[in-house]
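Please have the model open while reading.

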Amino acid sequence: MRKKWSALILTAAMVSGVLAGCSGQENPGEVQGSEKAPTNAAGKTTVQFWHSLGGKNGDYMSGMIKRFNESQDKIEVVGTFQGSYDETVTKLQQSVAAKTGPDITMLERAYIQMFSESDVLEDLTPYMKKSGLSKDDFTAGLMGHSTFDNKLVSLPLNRSTPILHVNKTMLDEKGLAIPKTWDDLKKVANALVIKENGEFKRYGYSMPYDTWYPIAMISQAKGKFFNDEATSIGFNNGEGVKAFQFLKEQQATGALYYPPAQDSGNIVNQMFTSGKIGLMYQSTGVIGSLKDSAKFDYVTAYLPMDQVYANPTGGANISMMADSKSKEAAWEFINWTMTDPNGGLQFILDTGYLPFTKKMAESQQMKDLWAKEPNRKVAYDQLQYAVDTNKHVAWTQVMQEFFKAIQAIMYDNKNIEATLDTFKKETERILK
C-alpha cells in the first residue's frame, strides 16, 4: 500500500530510479561499489547540500556552512539554495530519477515520509550510534517526522511552530487579559474591534491563509487530521465544524480578519505591527522581525485552547540521500551541526528557529537569549503540546484538497458541513 501511495505522489521516473539506485544497500554508512567520493581541486571531499532558506536566514545558513568548512581541512560543504520547500522537493524528485541528487538536503517535515517510503533517504541510525548520539538527545516535540519503518531518516534543523503574537499595549488599554481559551479569544477579539460608518478600522485578530491554523484548532478540539487506520480524516464533523464555525462567527463580527491568499503572511504581519489587529496567529519564525518593527509592548503566548492545548510544528529537517557517494563526509557535517556550538546552536541563536537538541536548550547562550527575549522561550515551552496531525505519505495531495475546503468556507461562505463532507470523500479517494 505504501508503494501505491508513493506512486501517486512521486513521478514514475523517480520511483524507477529509486528502485534501480537503492538495491543492494547492505552496509549503511559505507560507500557502495567502486565509486569514490568526489573531491575538489584542493583534494577535499565535497558534500552537496540543498536547502530552502533565502534572504537573511539564507545568509545565516551560508555562515554556518562557512564555519564548518573553516573548522577542518578535509571536507568542503557546498550549500545551494533551491527555492521554496515545494521547489526543493520538485528538484529533488527530478534529481533522484537522474541520479544527480545532493548528498544531504533540507526537507520540509511533511514531505519526509514521501521520500522515506520510496527508500531514497539514508538510515542515520548507525551514524548516530557511531557518534554517541541518540534520539533522546533531541527535542521530543520536533522528532515526529524523523522515523519511518524503524529507520531514522531525518533530524530537525530549522523548525518552527505557530504561536499567538500579542499587542499587549492594546489589550492593556482595554483592561483585557491575554486569551488562554477560545472563549477568551472571542471576548478579547470582539472587544478590540473598531467600526466606523460601516467600515472596520481595527479587527481583533488574524492569521495567514494556511492549513497550519485550522489544523491547530481541530487538534485543540481533540480531533486528529488523519485517523489511526490511515483510511480517512481523523476528525468528525463535530470537531471540524466547531473550528470553522468559530472562525466564521468571528469573521462576521470583525473579530477575525481573514486575509487574501496571496502574500497573506506579510499582510497580517503588517496589520499587527501597524495596530490594525491586536492578536495574530503566526509562526515563531517572525518573532525577530516583529520585535524590531513593533512600537508597542509585544509578547507571545500559547495558542488558545479549546478542549486541550495543541499545536502542529513546521519547518524543515535535514536528511542524507541514500545514493550519496560522500556519506561519511556528509555525516561529519550533520553531526557537527547537531553537536558543535558553532553549528546548529549559533544558527538557532541567529535565526530564531527552535533549539532542536536538549543541550542547545540547556546552553548558557540560549538561557541568556531567553532572558533577554522571553518571547522565544514561550515558543519552546509550547512544544510540550506539539502534535503531528498531518503525518501521512499522502499529505501533499490531501493538503491541496484541504486548501480547497478552506477557500470554500472562508472566502466563498460555503456550507461548512457539506464542504467538510466533500473533503472527507476526496481524502478517502486519495488514500485508496
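Which residues in α18 meet which residues in α19? On the α18 side they are Gln397, Val398, Glu401, Phe402, Ala405, Ala408 and Ile409; on the α19 side they are Ile416, Thr419, Leu420, Phe423, Glu426, Thr427, Ile430 and Leu431. The model is predicted, with pLDDT of at least 70 required for local features and 80 or more for side-chain atom pairs, while totals for chains, interfaces and linings use all residues. Numbering starts from 1 along each chain as its sequence is written, and side-chain values use heavy atoms, with hydrogens and water left out.

**Helix packing**

Helices (H or I, at least four residues) and strands (E, at least two) are DSSP runs numbered from the N terminus. Axes are lines fitted to C-alpha atoms, for helices over the stretch in contact, and angles run from 0 to 180 degrees between N-to-C directions. Angles under 35 degrees count as roughly parallel, over 145 as roughly antiparallel, 65 to 115 as roughly perpendicular and the rest as oblique. Contact means heavy atoms within 4.5 Å.

| Helices | Axis distance | Angle |
|---|---|---|
| α18 (residues 395-410) and α19 (residues 416-431) | 10 Å apart | about 170° |
| α16 (residues 364-372) and α17 (residues 374-381) | within 5 Å | roughly 115° |
| α14 (residues 341-351) and α16 | within 11 Å | roughly 10° |

The angle of about 170° between α18 and α19 makes α18 roughly antiparallel to α19. Their contact has ten nonpolar, three polar and two charged residues, where Ala, Val, Leu, Ile, Met, Phe, Trp, Tyr, Cys and Pro count as nonpolar, Asp, Glu, Lys and Arg as charged, and the others, Gly among them, as polar.

The axes of α16 and α17 cross at roughly 115°, which makes α16 roughly perpendicular to α17. Leu369, Trp370, Ala371 and Lys372 of α16 touch Pro374, Arg376, Lys377 and Tyr380 of α17. By class, this contact has five nonpolar, no polar and three charged residues.

α14 and α16 are roughly parallel to each other. Leu345, Ile348 and Leu349 in α14 meet Gln365, Met366 and Leu369 in α16, a contact of five nonpolar, one polar and no charged residues.

**Cavity and pocket**

On a 1 Å grid over the protein atoms alone, a cavity is a set of points where a 1.4 Å probe fits but cannot get out, and a pocket is an open set with protein on both sides within 12 Å along at least five of seven lines; lining residues have an atom within 4 Å of a point. Grid points are joined across faces, edges and corners, and a volume is the space filled by probe spheres set on the points.

The structure holds one cavity of 30 Å³ or more. The largest cavity has about 60 Å³ of space, and its lining includes Met366, Trp370, Arg376, Ala379 and Tyr380. α16 and α17 are the elements that give two or more residues to this lining, and α17 gives the most, with three. The cavity lining has eight nonpolar, two polar and one charged residue.

The largest pocket has a volume of about 1,400 Å³. Of its 50 lining residues, Tyr85, Ser160, Asp210, Trp212 and Ser283 lie nearest its centre. Helix α12 (residues 287-293) supplies the largest share of the lining, five residues. The pocket lining divides into 18 nonpolar, 20 polar and twelve charged residues.

**Aromatic pairs**

There are 29 aromatic pairs in the structure. Rings of Phe, Tyr and Trp (its six-membered ring) pair if their centres lie within 6.5 Å; planes under 30 degrees apart count as stacked, over 60 as edge-to-face and the rest as tilted. Tyr205 and Tyr281 form a tilted pair, 5.9 Å centre to centre with 35° between the planes. Tyr205 lies in strand β10 (residues 205-206) and Tyr281 in strand β12 (residues 279-283), 76 residues apart.
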